[in-house]
Amino acid sequence: MKTNKVDTKIYYTPLDFERDIEILAKRIHKSRRKYEALYPIPRGGIPVACSLSAKLGIPILENLTVKNVLVVDDLIDTGATRSRYQEYDFACLHVKNHTP
């Protein structure tokens with residue numbers, strides 16, 4: 001990620017995304033957990049789930065119909081979404097600094 005001294009925006013490029021997906025896929029693989037499926041949190045989790053599915057060969061669910069699922073999202077901001085899925089393993093690309 002690159003920051004520009006003129007503003008405080010963070011620019012996240014497609015290459016940054018691919019690098020982070022690769023890191024996350026390796027962590028999931030090293031965990032040796034065998035997930036039946038990935039469940040993407042609507043909107044932000046969909047590109048993450050698609051990329052992880054392609055790399056790990058794990059199918060994507062539209063609904064949480066099985067227990068052995070990895071819930072995926074792009075980021076954790078306030079933690080509200082994460083708290084709704086406490087009974088599932090959860091993976092994301094970023095956790096904001098202010099997240100409780």
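Let us begin with the contacts of Asp 73, where contact means heavy atoms within 4.5 Å. Leaving aside neighbours within four places in sequence, Asp 73 is in contact with Ile 41, Gly 44, Gly 45, Val 48, Thr 81, Phe 90, Ala 91, Cys 92 and Leu 93. This is a predicted model, in which local features need pLDDT of at least 70 and side-chain atom pairs count only at pLDDT 80 or more, while totals for chains, interfaces and linings use all residues. Residues are numbered from 1 along each chain as its sequence is written, and side-chain values use heavy atoms, with hydrogens and water left out.

Asp 73 belongs to strand β4, residues 69–76; strands here are DSSP runs of E, at least two residues, and helices are runs of H or I, at least four, numbered from the N terminus. Is Asp 73 buried or exposed? Asp 73 is buried, that is, under 20% relative accessible area, whereas exposed means over 50%. Asp 73 has no salt bridge, defined as a side-chain nitrogen of Lys or Arg within 4 Å of a carboxyl oxygen of Asp or Glu. The nearest side chain of opposite charge, Arg 84, is 7.4 Å away. The side chain of Asp 73 does reach the backbone nitrogen of Gly 45, at 3.4 Å.

I turn now to backbone angles. Most residues other than glycine have a negative phi. Arg 32, however, has a positive phi, near 60 degrees, and Arg 43 has one near 80 degrees. Arg 32 sits in the loop between α1 (14–30) and β3 (37–40), and counts as exposed because its relative accessibility is 70%. Arg 43 lies in the loop between β3 and α2 (45–56), and is exposed at 73%.

Note on methods: Buried < 20%, exposed > 50% of the residue type's maximum accessible area, 1.4 Å probe, protein only. Lys, Arg positive; Asp, Glu negative; His and termini not counted. Polar contact = N/O pair within 3.5 Å; in protein donor to acceptor, adjacent residues only side chain to side chain.
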